[in-house]
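This note is intended for a colleague who is new to the structure shown below.

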Amino acid sequence: MRLIKVSDEEELSRMAAEYVFSKIKRSERIVLGLATGRTPLGMYRHLSKYSKEYKLLFSHVHTVNLDEYVGSRAYHAYMQENFFDHIGIPSNQTHLPDGEALELERECKRYEEVIKQLGGIDLQVLGIGENGHIGFNEPGTDFSSRTHVVELTESTLSANAKYFTHEKQPLKAITMGIGTILESKEILLLAAGVKKANAVKELFRGSLNENIPATVLNHHPSVTVIADVGARSLLEEES
């Protein structure tokens, strides 16, 4: 596991965008796994800017998102507003779970098939939750899990409540499973802020702990972590 140290969230956003954009430029075809939430927002902003500056449309890029709330299209809207509308990517090459599907278990199986048909994920971008979750895989999730429906914990609901000021906050989500994530060829994890410091410390301790799902990344052969000074504060106290 490789750690890239940055000073603040803005530098993290720029470094993450440069990392992803370099992969896009060098590829004739690429499948990106994408995350939502606050942390990757700056990365999407920079990637959109690079697309315009280099006059590079993302017509050779396919995307699959980690998750979506059940009964909602909140993350569909997030991705359109913050990324897809700015990069010239064909709409049929962007994929998210359908949180409004009538048969959720069938939707989970469909999404796994989408990823399989694309040939798997070349580069998966992850954030990390305060409790160590990746995607919406909460503590206790089986490390071999596939795309599934999850009941969100109180800490996750509290962290995301700010995104639902005008609608009722969903209590469940569809998420890629940990086993699905681990099949990605490469993983880029972004961690910003002191609230993520304990999860980052546990990640770099190297021991597996189902109560901190991100620790499973120690079993992946190609993981890069970009962490700002807050997120790695406890890690550096120990060194």
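**Notes on the predicted model**

1. Charge. The protein chain carries 27 positive and 33 negative side chains, and the centres of these two sets are 4 Å apart. The model under review is a predicted one.

2. Secondary structure and overall form. Eight helices and 10 strands make up the secondary structure of the protein chain. The radius of gyration is 17 Å, close to the 18 Å given by the globule rule for 239 residues, so the chain is as compact as a globular protein of that length. Along the principal axes, the C-alpha atoms fill a box of roughly 45 × 40 × 35 Å.

3. Burial and surface. Of the 239 residues, 56% count as buried. The protein chain exposes about 11,000 Å², of which carbon and sulfur atoms supply 50%.

4. Contacts along the sequence. When contacts between residues at least 6 apart in sequence are considered, 82% of them join residues at least 24 apart.

5. The largest nonpolar core. This core has 39 residues, and V20, M43 and F83 touch the most other members. Two or more residues are given to this core by each of α1 (9-26), β2 (30-34), α2 (41-53), α3 (74-82), β6 (123-126) and β9 (186-191). Its largest share, seven residues, comes from α1.

6. Surroundings of F83. Leaving aside residues up to four places away in sequence, F83 touches L34, Y44, L47, S48, F58 and Y78.

7. A second core. A separate core of 30 residues is also present, with A35, I115, I121 and V223 among its members. In soluble globular proteins, nonpolar side chains tend to be buried together.

Note on methods: Residues are numbered from 1 along each chain as its sequence is written. This is a predicted model: local features need pLDDT of at least 70, side-chain atom pairs count only at pLDDT 80 or more; totals for chains, interfaces and linings use all residues. Side-chain values use heavy atoms; hydrogens and water are left out. Helices (H or I, at least four residues) and strands (E, at least two) are DSSP runs, numbered from the N terminus. The radius of gyration is taken over C-alpha atoms; the globule rule is 2.2 Å times the number of residues to the power 0.38. Buried means under 20% relative accessible area, exposed over 50%, partly exposed in between (1.4 Å probe, protein chains only). Contact means heavy atoms within 4.5 Å. Accessible areas come from the Shrake-Rupley method with a 1.4 Å probe; for residues, only the protein chains shown count as cover. Lys and Arg count as positive and Asp and Glu as negative; His and the chain ends are not counted. The place of a charge is taken as NZ of Lys, CZ of Arg, CG of Asp or CD of Glu. A nonpolar core is a set of buried Ala, Val, Leu, Ile, Met, Phe, Trp, Tyr and Cys residues joined through side-chain atoms within 4.5 Å.
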